[in-house]
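Please look over the sequence and the model below before reading on. The paragraphs after it go from the whole chain to single residues.

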Amino acid sequence: MRRIAVLALTALLLACGQAQRPPQPAAVDAISAEDIGAFPDSNLAESIQRVRDVAVTRDAAGGTQPVRDPQQAAYLAYTYGITVELPAARVASLMDAHVRACQTAGPRLCQLVSSSRNGDPQSAVNGAVEIRGEPAWLKRFMDGVSGEVSAAGGRVTGQTVRTEDLTRDIVDTEARLRAAHTLRDRLQQLLQRRPGKLSDLLDIERELARVQGEIDSTESNLAVMRARVDMSVLDLNYASSAQSIRSDTFKPLGDALAGFVGWLVIGVASIITAFAILLPWALAAWGIVWLLLFIRRRMGGRFFKRRKADDPPPAANS
């Protein structure tokens with residue numbers, strides 16, 4: 001009887017609430033009496049878990065699936081690459097022209113990601129430009145690159161196209177986002193309709209905050225993936241043409257001559273250093289040898305004199 005009374009009272013409250021509030025969007029169903037009928041007889045953790053299960057189950061059943069455009073069969077992110085070769089003196093001007101074209105189009109059509117250039121315009125120059133553009137604008141831009149390179153005296157040496165299929169990631173993320181929205185709305189209804197202790201209300205609010213954070217993170221990821229689909233990437237690589245005689249053609253000879261003088265100076269310095277290190281040892285060795293010879297001469301003279309005094313006289317001849 002108690003359960004029947006609770007169900008009847010809940011249904012009455014829902015009917016009154018629906019009459020006073022404007023109709024909810026069809027994407028999120030209002031929580032039914034069957035969903036919350038057991039809440040007063042269950043603890044808070046079970047209530048929250050049941051709300052989560054109901055939200056996920058209904059979303060998986062396709063109740064909130066949006067109607068997709070039949071023309072949008074897949075979400076594809078394109079990355080193009082163009083490699084050009086032209087005289088070194090023309091690399092900087094062509095790169096600057098491409099950067100200006102992107103900046104003039106505005107961020108809605110083109111966004112400059114990176115630009116770099118290194119080398120000597122009189123010898124060899126390498127550069128790279130990465131832009132992200134709206135597909136239609138980017139196609140027109142790429143169609144004009146070949147003519148610009150030819151006018152600058154160069155040629156296109158390579159073209160690449162890479163495609164990344166983001167359909168599964170986007171669809172799965174959208175499904176998780178719908179489930180999170182449904183869960184948030186049901187938790188809000190649970191917070192409004194479930195009487196209880198202050199600790200129970202705080203637990204529901206913490207769960208709401210967690211779900212809202214998950215929604216914000218999921219929406220950010222979804223926006224990034226959609227931006228990758230809406231804006232294609234173009235990598236432009238510039239290389240200077242080979243020249244028979246350049247400003248650095250004789251650089252190895254100059255480096256060799258500079259190296260010869262440098263090594264010669266290093267060799268002389270090494271000899272001087274070695275002489276300075278060995279000179280004190282040579283003087284010390286010479287002094288020791290001289291002292292030994294001096295002692296030998298002095299001791300040798302006395303020995304011979306003493307021996308002559310101690311020698312017996314020679315025997316007389318018979």
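The model is predicted. The protein chain holds 8 helices and 5 strands. Followed along the sequence, these elements come in the pattern α-α-α-β-α-β-β-α-β-α-α-β-α. The protein chain has 318 residues, and 27% of them count as buried. Its accessible surface amounts to about 21,300 Å², with 61% of that belonging to carbon and sulfur atoms. Among contacts in the protein chain with a separation of 6 or more, 78% are between residues 24 or more positions apart.

Helix 4 covers residues 88-105 and helix 5 covers residues 135-151; the two pack at an angle of about 160°, and their axes are 12 Å apart. Angles over 145 degrees count as roughly antiparallel, so helix 4 is roughly antiparallel to helix 5. Their crossing is right-handed. Which residues of helix 4 and helix 5 meet? On the helix 4 side they are Arg 90, Leu 94, His 98, Ala 101, Cys 102 and Ala 105, and on the helix 5 side Trp 137, Phe 141, Val 145, Glu 148, Val 149 and Ala 151. Sorted by type, the residues of this contact are 9 nonpolar, 1 polar and 2 charged.

The second pair is helix 6 and helix 7. Helix 6 consists of residues 167-193, and its axis comes within 9 Å of the axis of helix 7, with a crossing angle of roughly 155°. That angle makes helix 6 roughly antiparallel to helix 7. The crossing of helix 6 and helix 7 is left-handed. The residues of their contact divide into 15 nonpolar, 5 polar and 8 charged.

Thr 218 lies in helix 7, which spans residues 198-230. Is Thr 218 buried or exposed? Its relative accessibility is 10%, so Thr 218 counts as buried; the cut-off for buried is under 20%. Leaving aside residues up to four places away in sequence, Thr 218 touches Thr 173 and Leu 177. Those two positions fall within residues 167-193, the range of helix 6.

Thr 79 sits in strand 1, residues 76-86. With a relative accessibility of 17%, Thr 79 also counts as buried. Which residues does Thr 79 touch, not counting residues up to four places away in sequence? They are Thr 160, Val 161, Arg 162, Val 233 and Asp 235. Of these, Asp 235 is 156 residues from Thr 79 in sequence, while their C-alpha atoms are 7.7 Å apart in space.

Pro 121 is placed in the loop between strand 2 (110-120) and strand 3 (124-133). At 46% relative accessibility, Pro 121 counts as partly exposed, because that class takes in values between the 20% limit for buried and the 50% limit for exposed. Apart from residues up to four places away in sequence, Pro 121 touches Ala 88 and Ala 89. Pro 121 and Ser 240 are 119 residues apart along the chain, and 8.8 Å separates their C-alpha atoms.

Note on methods: Residues numbered from 1 in each chain as written. Predicted model: local features only at pLDDT ≥ 70, side-chain atom pairs only at ≥ 80, totals over all residues. Heavy atoms only, no water. Axes fitted to C-alpha atoms, helices over the stretch in contact; angles between N-to-C directions. Helix = DSSP H or I, 4+ residues; strand = E, 2+ residues; numbered from the N terminus. Parallel < 35°, antiparallel > 145°, perpendicular 65-115°, else oblique. Left-handed = near helix turned anticlockwise from the far one by under 90°. Contact = heavy atoms within 4.5 Å. Nonpolar A, V, L, I, M, F, W, Y, C, P; charged D, E, K, R; others polar. Buried < 20%, exposed > 50% of the residue type's maximum accessible area, 1.4 Å probe, protein only. Areas by Shrake-Rupley, 256 points an atom, 1.4 Å probe, with all protein chains shown as cover.
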